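Here are my notes on the model, point by point. Please read them with the coordinates open.

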Amino acid sequence: MDATEELSTAAGGELVLGRYRLGQRLGAGGFGTVYAATDERLQRPVAVKVIPAAGGGDPTRVRREALAAGRLDHPGIVAIFDAGQDDRARYLVSELVRGLTLDELSAEGLLSDRDVLRIGLALCGALAHAHERGVVHRDVKPQNVIVPEAPRS
């Protein structure tokens with residue numbers, strides 16, 4: 001069963017980990033599906049990556065990803081807030097970044113040379129921060145780089 005098929009019933013306001021209300025599906029990949037959500041305890045928007053337990057997601061990989069990302073604090077890196085699991089899935093909860101991917105911006109012809117330079121410098125800074133802390137992303141590609149509507153810095 002495809003992970004996206006399995007998760008199609010997970011949306012629609014479902015509460016996961018006792019506090020995160022799932023909303024709109026933002027995207028999916030081989031590792032899981034990401035939803036916009038609300039942290040009902042802190043009343044803030046978050047993103048929740050749902051990795052189905054039956055979908056073959058390696059629990060060790062999920063834990064490693066959460067621990068690695070938790071060591072990072074950089075404006076160019078999505079902050080991880082929480083991680084957990086239940087009988088159906090494993091979850092990674094992060095800040096919700098609104099924007100378009102580098103791939104989307106490029107395909108729409110929305111990037112000037114100056115934009116490409118700015119994004120490249122920000123990406124280099126984020127990767128340098130991660131590498132200084134022993135974290136290697138391993139899947140840096142235009143589809144995984146989000147250019148926020150409102151950058152933190």
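**Notes on the predicted model**

1. Aromatic pairs first. The count comes to 0. The rule takes rings of Phe, Tyr and Trp (its six-membered ring) and pairs them if their centres lie within 6.5 Å; planes under 30 degrees apart count as stacked, over 60 as edge-to-face and the rest as tilted.

2. Residues are numbered from 1 along each chain as its sequence is written, and side-chain values use heavy atoms, with hydrogens and water left out.

3. The sheet. Its 6 strands form an open sheet with antiparallel pairing, in the order E1-E2-E3-E4-E6-E5. Strand E1 (15-16) and strand E5 (80-85) are the edges; each has a single partner strand, so one side of each lacks a neighbour in the sheet. Helices (H or I, at least four residues) and strands (E, at least two) are DSSP runs, numbered from the N terminus. Two strands pair if DSSP finds at least two bridges between them.

4. E1 with E2. Strand E2 covers residues 20-29 and pairs with E1 in the antiparallel sense over 2 bridges. Val16 stands opposite Tyr20, and Leu15 has Arg21 as its bridge partner. The hairpin has 3 residues between the strands, and Leu17 takes a positive phi near 55° there.

5. E2 with E3. These strands run antiparallel, joined by 7 bridges. Their hairpin has 2 residues between them. Leu22 in this pairing stands opposite Ala37 in E3.

6. Asp39. Where does Asp39 lie? Its place is in strand E3 (residues 32-39). Is Asp39 buried or exposed? Asp39 is buried, with a relative accessible area of 1%. The cut-offs are under 20% for buried and over 50% for exposed, with partly exposed in between (1.4 Å probe, protein chains only).

7. Surroundings of Asp39. Its side chain reaches the backbone nitrogen of Leu42 at 3.2 Å. Not counting residues up to four places away in sequence, Asp39 touches Arg19, Tyr20, Arg44 and Val46. Contact means heavy atoms within 4.5 Å.

8. Arg44 again. The charged end of Arg44 sits over the ring of Phe81, 3.9 Å from its centre. The criterion is NZ of Lys or CZ of Arg within 6 Å of the ring centre and within 35 degrees of the ring normal.

Definitions and conventions:
This is a predicted model: local features need pLDDT of at least 70, side-chain atom pairs count only at pLDDT 80 or more; totals for chains, interfaces and linings use all residues. A polar contact is a pair of N or O atoms within 3.5 Å; within protein, one must be able to donate a hydrogen and the other to accept it, and residues adjacent in sequence count only if both atoms are side-chain atoms.
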